[in-house]
Amino acid sequence: AETLSVGNVFLVGDAAQQVAPSGGFGLNTGLQHAHNLAWKLAAVHAGLAPEELLQSYSRERQPVAAKNAAKSVDNYRRGLRALA
């Protein structure tokens, strides 16, 4: 996804990125997205943090998702070469 949030809508897990099925990067990235967003939502809901904290979700997680997706594709390609 180009962005992981718009207003009060947040993308998490497989809805947020496409990852090649090698290395477990998709599941791990999705769980990390969920954890990152969950504590922020809890803090805002409890009044312990300003609503602006939620804007950091996409900014923080987008680069991680892109890096993990690239690493997953690299793993997949190396696996194909090993079979050749």
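**Note on helices α1 and α2**

1. The axes of α1 and α2 come within 10 Å and cross at roughly 170 degrees. Angles over 145 degrees count as roughly antiparallel, and the two helices are therefore roughly antiparallel to each other. The model under review is a predicted one.

2. The contact between the helices draws on residues from both. From α1 come Phe-25, Thr-29, Gln-32, His-33, Asn-36, Leu-37 and Lys-40. From α2 come Ser-56, Tyr-57, Glu-60, Arg-61, Val-64, Ala-65, Asn-68, Lys-71, Ser-72 and Asn-75. Sorted by class, the contact of α1 with α2 has 5 nonpolar, 8 polar and 4 charged residues.

3. The length of α1 can be checked against its residue count. With 21 residues at 1.5 Å a residue, α1 should span 30 Å, and the C-alpha atoms at its ends are 30 Å apart, which agrees. Beyond α1 comes Gly-47, which has a positive phi, near 80 degrees.

4. The buried residues of α1 are Phe-25, Gly-26, Thr-29, Gly-30, His-33, Asn-36, Leu-37, Lys-40, Ala-43 and Val-44. Their packing partners are β2 (9–10) and α2.

5. How many salt bridges does a search of the whole structure find? The search finds 2. In general terms, side chains of opposite charge can pair when their charged atoms come close.

6. Lys-40 has a relative accessible area of 0% and is buried. Glu-60, at 39% relative accessibility, counts as partly exposed. Both residues also belong to the contact of α1 with α2.

7. The side chains of Asp-74 and Arg-78 also meet in a salt bridge, with an N to O distance of 3.4 Å. Here both residues lie in helix α2, 4 residues apart, about one turn of the helix. Asp-74 has a relative accessible area of 32% and is partly exposed. Arg-78 is likewise partly exposed, at 40%.

8. Apart from neighbours within four places in sequence, Ser-72 is in contact with Val-19, Ala-20, Pro-21, Ser-22 and Phe-25. Of these, Phe-25 is among the buried residues of α1.

9. Asn-75 also has its place in helix α2. The cut-off for buried is under 20% relative accessible area, and Asn-75, at 19%, therefore counts as buried. With residues up to four places away in sequence left out, Asn-75 touches Ser-22, Gly-23 and Phe-25. Although Asn-75 and Pro-50 are 25 residues apart along the chain, their C-alpha atoms are separated by 40 Å.

Terms used: Residues are numbered from 1 along each chain as its sequence is written. This is a predicted model: local features need pLDDT of at least 70, side-chain atom pairs count only at pLDDT 80 or more; totals for chains, interfaces and linings use all residues. Side-chain values use heavy atoms; hydrogens and water are left out. A salt bridge is a side-chain nitrogen of Lys or Arg within 4 Å of a carboxyl oxygen of Asp or Glu. Buried means under 20% relative accessible area, exposed over 50%, partly exposed in between (1.4 Å probe, protein chains only). The expected span of a helix is 1.5 Å times one less than its number of residues. Contact means heavy atoms within 4.5 Å. Axes are lines fitted to C-alpha atoms, for helices over the stretch in contact, and angles run from 0 to 180 degrees between N-to-C directions. Angles under 35 degrees count as roughly parallel, over 145 as roughly antiparallel, 65 to 115 as roughly perpendicular and the rest as oblique. Ala, Val, Leu, Ile, Met, Phe, Trp, Tyr, Cys and Pro count as nonpolar, Asp, Glu, Lys and Arg as charged, and the others, Gly among them, as polar.
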